[in-house]
Amino acid sequence: MGMSVTISAATEEDAEQILKLQYLCYQSEAELYGDYGIEPLTQPLDSLRAELGSGTVLVARLGAEVVASVRGAVDEDGTARINKLIVHPRMQRHGLGGRLLAAIEAQLGADGTAKSFQLFTGHRSDRNLRLYRKHGYAPVSTERVDERLTLVTLAKGADASAYATSA
């Protein structure tokens, strides 16, 4: 039997692996929207390191390799904003994205300050939209960024029973 994937808090030492994985994972989004200048593809390492220190960053590891990651933080109004959920292409479609989403919800909701969860994706990102809907998210707004991209914001309430058993 092969190694199992473990989910844990990211460390400073994970920064370079996360950034490389992010670059790999966002290629398909850039192609889908015809824009290779999107922030996940241009984010500098120092910016990612700052995120490691200021919010919650989780990674999924297969052995020593980071194969997935997600970030999030709860703002002053109690909205837990989740972003940059990435899964290595070879690990996709095996439930890892859902496991990571549940884990970040559990982490951000653990102290009771999160009243809701919110995330966003592009309007053409069908796999992302399906994953988020499957996990209870519903569209709450759209924002047209340009002629190629409309961002869809999805949200759900922070019902303790929904995430207490995850991770």
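Lys 84 lies in strand β4, where helices (H or I, at least four residues) and strands (E, at least two) are DSSP runs numbered from the N terminus. The model is predicted, so local features need pLDDT of at least 70 and side-chain atom pairs count only at pLDDT 80 or more, whereas totals for chains, interfaces and linings use all residues. Residues are numbered from 1 along each chain as its sequence is written, and side-chain values use heavy atoms, with hydrogens and water left out.

Although Lys 84 is not a glycine, its phi is positive, at about 50°. With a relative accessibility of 11%, Lys 84 counts as buried; buried means under 20% relative accessible area, exposed over 50%, and partly exposed in between (1.4 Å probe, protein chains only). A positive phi, of about 70°, is also found at Arg 93, which is not a glycine. Arg 93 belongs to the loop between β4 and α5 and, at 67% relative accessibility, counts as exposed.

Helix α5 has 14 residues and spans 20 Å from its first C-alpha to its last, close to the 20 Å expected at 1.5 Å a residue; the expected span is 1.5 Å times one less than the number of residues. Twelve of these 14 residues are buried, so α5 is largely enclosed by the rest of the structure. Among the buried residues of α5 are Leu 96, Leu 101 and Glu 105.

In soluble globular proteins, nonpolar side chains tend to be buried together. Beyond its neighbours within four places in sequence, Tyr 137 is in contact with residues including Ile 82, Leu 101, Phe 117 and Leu 154, contact meaning heavy atoms within 4.5 Å.

The axes of helix α1 (residues 15-25) and helix α4 (residues 45-54) come within 10 Å and cross at roughly 115°; axes are lines fitted to C-alpha atoms, for helices over the stretch in contact, and angles run from 0 to 180 degrees between N-to-C directions. Residues making this contact include Leu 19 of α1 and Leu 52 of α4.
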